[in-house]
Protein chains: 2
Amino acid sequence: MGCGKMIGLSPILDKQSDIPIYKQLYSYIKQEILTGTLRENTRLPSLRQLSAHLMLSKNTVETAYQQLLAEGYLQSRPRSGLRVLPLERMTLVNGSVASRSKEELSHSRLDKPGVLYDFQYGNVELAKFPMKAWKKCLLDALGTEGYEVLGYGDPQGNEQLREEIALYLYQFRGVSCAPNQIFLASGTQIAISLLCQVLPLPSRVGMEDPGYDGVRTVLMNHGREIVPIPLESDGLNLDALRQQAVRTVYVTPSHQFPLGSVLPVQKRSQLLQWAYENEGMIIEDDYDSEFRYQGQPIPALKAMDGGDRVIYLGTFSKSFFPAVRMSYIVLPEKLAAVFRQGIRPYSQSVSPLLQKAMLNFMRDGHYERHIRKMRKLYQTKHQILIKSIHHHMGERVEIIGQKAGLHLLLDVHNRDSGELIARALERGVKAYSPIHHWMDASLCPSSYLMLGFGGLNEGQIEEGVIRMKQAWFSD
Amino acid sequence: MGCGKMIGLSPILDKQSDIPIYKQLYSYIKQEILTGTLRENTRLPSLRQLSAHLMLSKNTVETAYQQLLAEGYLQSRPRSGLRVLPLERMTLVNGSVASRSKEELSHSRLDKPGVLYDFQYGNVELAKFPMKAWKKCLLDALGTEGYEVLGYGDPQGNEQLREEIALYLYQFRGVSCAPNQIFLASGTQIAISLLCQVLPLPSRVGMEDPGYDGVRTVLMNHGREIVPIPLESDGLNLDALRQQAVRTVYVTPSHQFPLGSVLPVQKRSQLLQWAYENEGMIIEDDYDSEFRYQGQPIPALKAMDGGDRVIYLGTFSKSFFPAVRMSYIVLPEKLAAVFRQGIRPYSQSVSPLLQKAMLNFMRDGHYERHIRKMRKLYQTKHQILIKSIHHHMGERVEIIGQKAGLHLLLDVHNRDSGELIARALERGVKAYSPIHHWMDASLCPSSYLMLGFGGLNEGQIEEGVIRMKQAWFSD
């Protein structure tokens with residue numbers, strides 16, 4: 001009765017046979033592995049589970065498992081149980097299983113051999129995360145009565161959370177919108193995908209080049225033709241945009257990704273003007289606007305849009321933490337009505353439990369406090385990174401995009417990023433190439449590196465820079 | 001410095017003027033509302049926030065707010081602060097604001113007037129949810145060191161969780177796969193969308209008709225032509241499938257959605273044979289396979305697939321709870337390699353925090369226990385629903401699809417679902433029409449209703465049926 005039976009392991013065991021039961025079980029499992037029915041890495045049931053299932057003693061099952069371990073068909077790892085070894089490794093077996101397992105274990109831990117200073121963009125510093133407050137908000141959310149945090153929830157997203165987001169956008173980004181213009185999605189890529197599916201976006205979309213490859217890939221995978229719009233030092237080249245037969249353009253005006261420029265207010269007006277004259281649409285990705293370190297705060301492009309021509313994208317990935325997987329779309333009123341109708345057969349992709357926790361977190365003022373705290377912290381880190389680079393590398397490098405955000409680009413004059421990354425890695429530092437953000441990879445200067453500093457503390461940042469200097473300029 | 005400034009509310013207040021400051025503030029906000037800058041439902045800053053921002057006393061701000069409240073530009077709701085009223089409501093203002101607000105409050109609570117027994121498909125019974133164990137697993141996940149539960153995580157999904165899923169599939173569904181064939185997604189619709197984007201699926205896709213409209217919509221919104229394949233009483237009409245020029249078909253063999261049949265083993269073999277002969281692909285959506293109440297457990301179609309022609313879709317929405325927003329794709333090895341390459345620019349859409357919590361939940365045996373417990377519980381509910389219908393409605397109705405799952409269809413002979421739903425609602429019962437699952441809505445018998453019983457307890461199920469009987473057959 002029921003599907004609880006272990007359909008997979010169902011040996012026919014003959015208790016009358018001269019062959020001991022453990023041996024029959026061992027032969028059966030070995031056969032399943034060799035024929036490929038039990039594939040590599042498959043985890044086997046625990047002693048308890050299998051002995052209960054087959055109504056055998058634990059001893060019998062254990063003896064069978066031990067023989068399979070000894071012969072190298074299985075391996076045992078702490079906390080993750082017994083698993084089928086890949087066949088190619090089985091042929092290598094000739095020593096004690098125990099010693100081999102240990103070797104493997106240490107090998108698997110060395111996937112990133114000795115990375116001590118990881119300049120990966122998108123990392124968050126664990127030590128500064130408001131874990132206690134977040135824990136409380138999450139527990140409060142779990143205590144909520146009703147289906148609110150167990151069911152599918154509002155397809156558009158929790159209404160009260162959308163109210164909090166609307167208030168936040170008004171206070172911090174100058175964007176005035178009603179909660180019913182806001183739609184949640186489990187990441188900006190899901191948001192872009194929904195815009196393609198539901199609005200739908202036109203077949204040609206203009207995009208900053210270089211620009212965020214995550215969005216470009218999603219657009220292309222929805223059959224959209226990408227029209228690359230080149231950049232100037234202060235962002236989008238508007239003349240180039242005007243010459244293209246596109247009416248929709250994706251931009252990152254607060255902090256161009258990945259080059260880091262901030263679109264000046266004159267260009268913002270001109271971009272809006274372009275949209276009004278062409279009945280065009282602007283998709284504004286405001287991904288890390290919270291972190292701007294120089295000059296006056298600049299409101300979002302959306303805040304200047306009197307003509308309802310801006311689709312605004314926000315995310316909690318940078319301002320809070322990526323694992324919450326929560327982004328949102330703000331649509332002009334008319335499009336919001338169309339979109340709301342269109343997503344009726346869709347389930348909301350953000351967990352209602354996390355939505356409720358985020359609502360608590362915002363409502364209790366933690367979110368605002370967190371952003372203010374992180375802005376100061378990131379500013380300090382940002383300054384230290386820039387200072388360290390200037391101090392240790394001097395004229396041999398140039399920093400690109402240093403007004404805002406959680407990353408910058410480094411131009412290491414006359415050097416090649418592949419070589420630089422390899423050399424840095426030998427000293428325990430992981431740097432990255434931004435090449436995949438260029439539409440035509442050959443146009444990315446090979447001397448560019450991308451350094452994200454969100455996940456490193458101040459000491460680590462300086463030490464990382466020193467090590468890169470040693471790795472690259474050991475003359 | 002920084003974006004913390006409230007960009008939105010920035011009145012120019014003249015302290016030398018004869019007009020009191022509160023009045024100037026009041027006029028400014030009123031103007032912002034009437035010109036549409038502050039839109040309906042926008043939430044205003046709290047007294048504390050605004051007084052700090054404008055460097056005014058709380059009294060001044062409060063007086064301005066009170067006047068706006070009194071004149072009906074704003075409304076106040078418990079716990080959600082002050083908000084801009086819709087303009088059309090403002091014109092109605094003529095009495096005291098307090099009394100109107102109360103009226104509105106009670107009105108908003110009556111969106112579902114008096115629904116006591118909601119037969120909504122997808123609901124979960126809160127009382128039976130293993131809240132304590134889940135809470136512990138979530139807290140343990142939060143205690144995890146490193147970026148694991150803060151960052152973006154593995155694009156494919158947490159590797160250890162995928163191991164647990166592989167083990168589960170092997171034990172419970174007879175599916176043998178390696179963890180690297182498994183890909184997580186924040187819902188089955190996201191999974192289907194990714195298959196369209198990344199594999200990609202061909203331009204024509206066969207689909208059971210009637211079939212799950214959530215998947216159909218996503219396929220169509222990715223430009224796929226849906227080829228409806230009719231059903232017989234025991235599921236997909238294979239002759240009809242063979243006559244169509246399609247090579248990919250979406251099916252729900254464990255429990256046809258929404259008609260409820262279980263595809264017999266002979267038909268499964270024939271379906272696989274069709275795929276092998278046509279180099280076709282079968283997308284098997286195994287959405288509620290855990291809950292089967294009659295006969296022997298039937299392994300997934302994927303378990304019978306020796307030719308790597310089945311793409312398997314699983315979800316935790318039915319077996320655990322929808323708000324976890326966690327589904328997964330199991331791909332044949334070759335496709336898995338292609339897919340893994342294709343999703344490299346994608347972020348994982350399931351929260352790594354919830355992934356880790358789910359890993360803990362499965363590893364500690366809670367998931368297996370939960371499913372066993374819920375299978376018994378749902379079986380009891382299922383029996384009570386069927387018994388109650390037989391007992392109270394007798395020959396006047398027919399039950400469709402009663403071997404499995406969390407819902408069934410009711411054919412109320414010679415009646416119209418619209419009228420039945422309206423009458424039931426008057427007695428506090430919410431029933432649903434399955435009409436949107438038919439490709440051509442006119443083909444859905446108008447006498448069909450859909451009853452989901454997951455969210456109701458045993459007493460509520462019987463009482464709900466009694467009330468429907470009274471509502472429909474009050475002769």
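Into which domains is chain A divided? The model is predicted, so local features need pLDDT of at least 70 and side-chain atom pairs count only at pLDDT 80 or more, while totals for chains, interfaces and linings use all residues. Residues are numbered from 1 along each chain as its sequence is written, chains are lettered from A in the order in which they are written, and side-chain values use heavy atoms, without hydrogens and water.

**View 1. Domains of chain A.** Chain A holds domain 1 (21-102), domain 2 (131-364) and domain 3 (369-472). The bounds come from an automatic or database domain assignment. Over C-alpha atoms, the centres of domain 1 and domain 2 of chain A lie 50 Å apart.

**View 2. Strand 4 of chain B.** Strand 4 covers residues 182-185; strands are DSSP runs (E, at least two residues), numbered from the N terminus. B:Ile182 and B:Leu184 point one way, B:Phe183 and B:Ala185 the other, and all are buried (under 20% relative accessible area, 1.4 Å probe, protein chains only). Strand 4 pairs with strand 11 (residues 327-330) of chain B in the antiparallel sense over 4 bridges; pairing needs at least two DSSP bridges. B:Leu184 stands opposite B:Tyr328 of strand 11.

**View 3. Contact between chain B and chain A.** Chain B gives 96 residues and chain A 97, with contact meaning heavy atoms within 4.5 Å. The count of salt bridges between the chains is 7 (side-chain nitrogen of Lys or Arg within 4 Å of a carboxyl oxygen of Asp or Glu). A:Asp308 forms a salt bridge with B:Arg39, the closest N and O atoms being 3.9 Å apart.

Terms used:
Buried means under 20% relative accessible area, exposed over 50%, partly exposed in between (1.4 Å probe, protein chains only).
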